[in-house]
Amino acid sequence: MAYDLRFYRTRARMSGEKFGKIIGVVRSTVSRLESGELRLDEKQAAALDQHFATSGHFLRLLTYAKLGHDPDWFKEHVSYEARAFLLKIYELALIPGLLQTEEYARACFEAAGVEDVDAQVAARLARQKTLERSPRPLLWILLSQNVIEWPVGGPEVMRRQLGHLLDATRGSDAILRVVPRTTGATIGLDGAFKILSVAEGDVAYTEAHGGGRLILATQEARQFGIRWDRIGGNALPKDASRSMIEQVMEDMR
């Protein structure tokens with residue numbers, strides 16, 4: 001797709017600026033699209049097909065590109081995570097990987113019976129460097145009450161984990177809210193997921209045993225945004241959520 005973008009532009013003897021006007025972007029964005037750093041979205045592909053009268057060529061390429069992404073969906077999800085400017089995370093059972101302490105992560109991998117625990121822990125901690133970017137991505141987190149009360153690794157490990165969670169979400173670029181069990185049945189019981197907002201739009205990732213699923217289609221990703229809002233409607237406010245976590249920490253002493 002990146003090759004074809006450049007091919008059609010140069011064949012038409014267009015500057016990057018003129019080409020960008022067709023799809024509503026600036027010249028520097030055209031360069032990033034042609035290098036493969038950014039990806040075309042459906043609206044842009046349709047605009048190119050209309051301008052060049054290609055009978056849907058770019059939309060077909062986009063469709064096959066989405067179907068043919070890396071079969072290791074978790075790996076590709078991490079690549080989106082590393083450049084997202086907003087991360088919306090909903091967790092039903094575990095502290096999000098980006099905010100896990102080494103002890104907590106180790107306890108999770110040991111319980112899962114993975115072969116090389118050290119390597120898995122190191123990989124998870126390396127992912128957390130994305131939170132050290134400048135500017136740091138916005139972090140909006142919804143957690144089921146089960147997440148903060150299940151003593152993974154034992155009470156002391158869990159207390160330190162919850163303390164780290166509070167510290168890491170203290171700034172104005174983070175929102176942490178807890179969905180209490182008193183809510184009863186919610187759509188969130190279906191499972192954990194996250195929404196990653198990148199330059200070319202939103203993608204979603206759902207957790208599953210043995211892997212997950214990356215959602216690239218705009219309409220389906222939008223449905224996860226609606227799901228997020230519905231779950232958030234049942235969550236405690238920020239201050240009440242933090243107070244609940246602090247009380248759980250106290251109870252684990």
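**Exercise 1. Determine where Val-248 lies and which residues it contacts beyond its neighbours within four places in sequence.**

Solution. Step 1: with neighbours within four places in sequence set aside, Val-248 is in contact with Ile-148, Glu-149 and Leu-162; contact means heavy atoms within 4.5 Å. Step 2: Val-248 belongs to helix H12, residues 238–251. Helices (H or I, at least four residues) and strands (E, at least two) are DSSP runs numbered from the N terminus. Step 3: Val-248 counts as buried, because its relative accessibility is 8%. Buried means under 20% relative accessible area, exposed over 50%, and partly exposed in between (1.4 Å probe, protein chains only). Step 4: between Val-248 and Pro-237 there is a C-alpha to C-alpha distance of 17 Å, for a separation of 11 residues in sequence.

The structure is a predicted model, in which local features need pLDDT of at least 70 and side-chain atom pairs count only at pLDDT 80 or more, while totals for chains, interfaces and linings use all residues. Residues are numbered from 1 along each chain as its sequence is written, and side-chain values use heavy atoms, with hydrogens and water left out.

**Exercise 2. Describe the overall make-up of the protein in terms of helices and strands, extent and burial.**

Solution. Step 1: the protein contains 12 helices and 6 strands. Step 2: its C-alpha trace spans about 70 × 40 × 30 Å along the principal axes. Step 3: 45% of the 253 residues count as buried. Step 4: take the contacts between residues at least 6 apart in sequence; 71% of them join residues at least 24 apart.

**Exercise 3. Identify the residues of the largest nonpolar core that touch the most other members, and follow the contacts of Leu-165.**

Solution. Step 1: a nonpolar core is a set of buried Ala, Val, Leu, Ile, Met, Phe, Trp, Tyr and Cys residues joined through side-chain atoms within 4.5 Å. Step 2: the largest such core has 35 residues, and those touching the most other members are Leu-99, Leu-139, Leu-162, Leu-165 and Ile-245. Step 3: helix H10 (residues 155–168) gives the most to this core, with 5 residues. Step 4: beyond four places in sequence, Leu-165 is in contact with Ile-95, Leu-99, Leu-143, Leu-176 and Ile-245. Step 5: another core, of 16 residues, lies apart from it and includes Tyr-8, Val-25, Leu-38 and Phe-52. As background, nonpolar side chains tend to be buried together in soluble globular proteins.

**Exercise 4. Characterise the packing of helix H7 against H8.**

Solution. Step 1: H7 (residues 102–112) and H8 pack at an angle of about 135°, with axes 9 Å apart. Axes are lines fitted to C-alpha atoms, for helices over the stretch in contact, and angles run from 0 to 180 degrees between N-to-C directions. Step 2: H7 is therefore oblique to H8; angles under 35 degrees count as roughly parallel, over 145 as roughly antiparallel, 65 to 115 as roughly perpendicular and the rest as oblique. Step 3: H7 contributes Glu-102, Ala-105, Arg-106, Phe-109 and Glu-110 to the contact, and H8 contributes Val-117, Asp-118, Gln-120, Val-121, Arg-124 and Leu-125.

**Exercise 5. Locate Arg-13, Ser-55 and Pro-135, and state the backbone feature of each.**

Solution. Step 1: Arg-13, not a glycine, has a positive phi of about 55°. Arg-13 is placed in the loop between helix H1 (2–11) and helix H2 (16–23), and is exposed at 80% relative accessible area. Step 2: Ser-55 also is not a glycine and has a positive phi of about 55°. Ser-55 lies in the loop between helix H4 (42–52) and helix H5 (57–67), and its relative accessibility of 64% makes it exposed. Step 3: the Ser-134 to Pro-135 peptide bond is cis, with omega near 0°. Pro-135 is in the loop between helix H8 (117–127) and strand E2 (138–144).
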